[in-house]
Amino acid sequence: MAEKKKGRRAHLDAFKKNEKGEYIYTGKLYAFDETVIRWKTAVIRLGAAWAVLMAAMIINGCIPAPGMAGCFYVLLPYAAQVVSAAALGVALLSVATAGNPLREYQYEAAVKKIPMRSRLAAIFAGASVLGELLYLIQNGAGNAAGMAALFLVLEVIACVCAAWICKYSKSWFLQVSPIDNLPKNHYNC
């Protein structure tokens, strides 16, 4: 009995040559169920929330907030937040460029990873807030109280955006079903 190949190139088994010599995809397709929200609307909203998340993080990286100049318990969560938010952006971009319906390997590579990556970005943003508050309690803000307040507000905004992406990616993108299970009027391909 032949088992399915696993690994980086396993999705290539879903491509078959037709009589013209062209490769066509014969694997599973997943359609976004548009009964709740349209595909384009969901992608635009999640992309906009990700853009706000990134803007808040970039601004925070540029301001001279107390604790960002060498305090490891502020810098490490911030750096992890940047990495997880960038990975989230890659997954969102993959979903947006793949379109509707998604091929099975696209679904596995992008849609299933969005909730965890956004959850990580939210957790690390929250950890940055806690680290900054701890720094302010221990060392005070000095003459940079405004920068500390701006840092905290922007990190809270980043945390809320990441949590929002996590919540709505679960309710919207995890409604993606094998195309055979949906009536044609539930998706727009």
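1. Which residues are buried in H4? With buried meaning under 20% relative accessible area, exposed over 50% and partly exposed in between (1.4 Å probe, protein chains only), the buried residues of H4 are Ile-114, Pro-115, Ser-118, Ala-121, Ala-122, Ala-125, Ser-128, Val-129, Gly-131, Glu-132 and Leu-136. An α-helix has 3.6 residues a turn, so residues three or four places apart point the same way.

2. On the basis of these notes: this is a predicted model, in which local features need pLDDT of at least 70 and side-chain atom pairs count only at pLDDT 80 or more, while totals for chains, interfaces and linings use all residues. Residues are numbered from 1 along each chain as its sequence is written, and side-chain values use heavy atoms, with hydrogens and water left out.

3. The secondary structure comes to five helices and five strands, where helices (H or I, at least four residues) and strands (E, at least two) are DSSP runs numbered from the N terminus. Along the sequence the pattern reads β-β-β-α-α-β-α-α-α-β. Of the 189 residues in the protein, 37% are buried. Taking contact to mean heavy atoms within 4.5 Å, 78% of the contacts between residues at least 6 apart in sequence join residues at least 24 apart.

4. Two helices can be checked for length, the expected span being 1.5 Å times one less than the number of residues. For H1 (residues 39-62), the 24 residues should span 34 Å, and the end C-alpha atoms are 35 Å apart, which agrees. For H4, the 26 residues should span 38 Å, and the end C-alpha atoms are 37 Å apart, which also agrees. H4 is followed by Gly-140, whose phi is positive, near 75°.

5. A nonpolar core is here a set of buried Ala, Val, Leu, Ile, Met, Phe, Trp, Tyr and Cys residues joined through side-chain atoms within 4.5 Å. The largest such core has 40 residues, of which Leu-53, Met-57, Ile-114 and Phe-151 touch the most other members. The elements giving two or more residues to this core are H1, helix H2 (72-98), H4 and helix H5 (145-173). Leu-53 and Met-57 are among the buried residues of H1, which also include Trp-39, Ala-42 and Leu-46.

6. Ala-158, in helix H5, counts as buried at 0% relative accessibility, and its contacts beyond four places in sequence are Leu-53, Ala-56, Met-57, Gln-81 and Ala-125. Ala-158 and Met-57 are 101 residues apart in sequence, yet 6.9 Å apart in space, C-alpha to C-alpha. Ala-91, in helix H2, is buried with a relative accessible area of 1%, and, with residues up to four places away not counted, Ala-91 touches Ala-110, Ile-114 and Arg-117.

7. Glu-132, in helix H4 (residues 114-139), deserves a careful look. Glu-132 is buried yet has no salt bridge, and the nearest side chain of opposite charge, Arg-119, is 25 Å away; Lys and Arg count as positive and Asp and Glu as negative, while His and the chain ends are not counted. Outside four places in sequence, Glu-132 touches Ala-65, Pro-66, Gly-67, Val-74, Ala-148, Phe-151 and Leu-152. Phe-151 in turn is in contact with residues including Asn-60, Ile-63, Met-68 and Ser-128.

8. The structure holds one salt bridge, defined as a side-chain nitrogen of Lys or Arg within 4 Å of a carboxyl oxygen of Asp or Glu. Glu-108 and Lys-112 form this bridge (3.4 Å, N to O). Glu-108 is partly exposed at 34% relative accessible area, and Lys-112 is partly exposed at 46%.

9. There are two aromatic pairs, counting rings of Phe, Tyr and Trp (its six-membered ring) whose centres lie within 6.5 Å, with planes under 30 degrees apart called stacked, over 60 edge-to-face and the rest tilted. Phe-72 and Tyr-73 are edge-to-face, at 5.3 Å centre to centre and 85° between the planes, and Phe-72 counts as exposed at 58% relative accessibility. The rings of Trp-164 and Tyr-168 have centres 4.8 Å apart and planes at 45°, so the pair is tilted. Both residues of this pair, Trp-164 and Tyr-168, lie in helix H5, four residues apart, about one turn of the helix.
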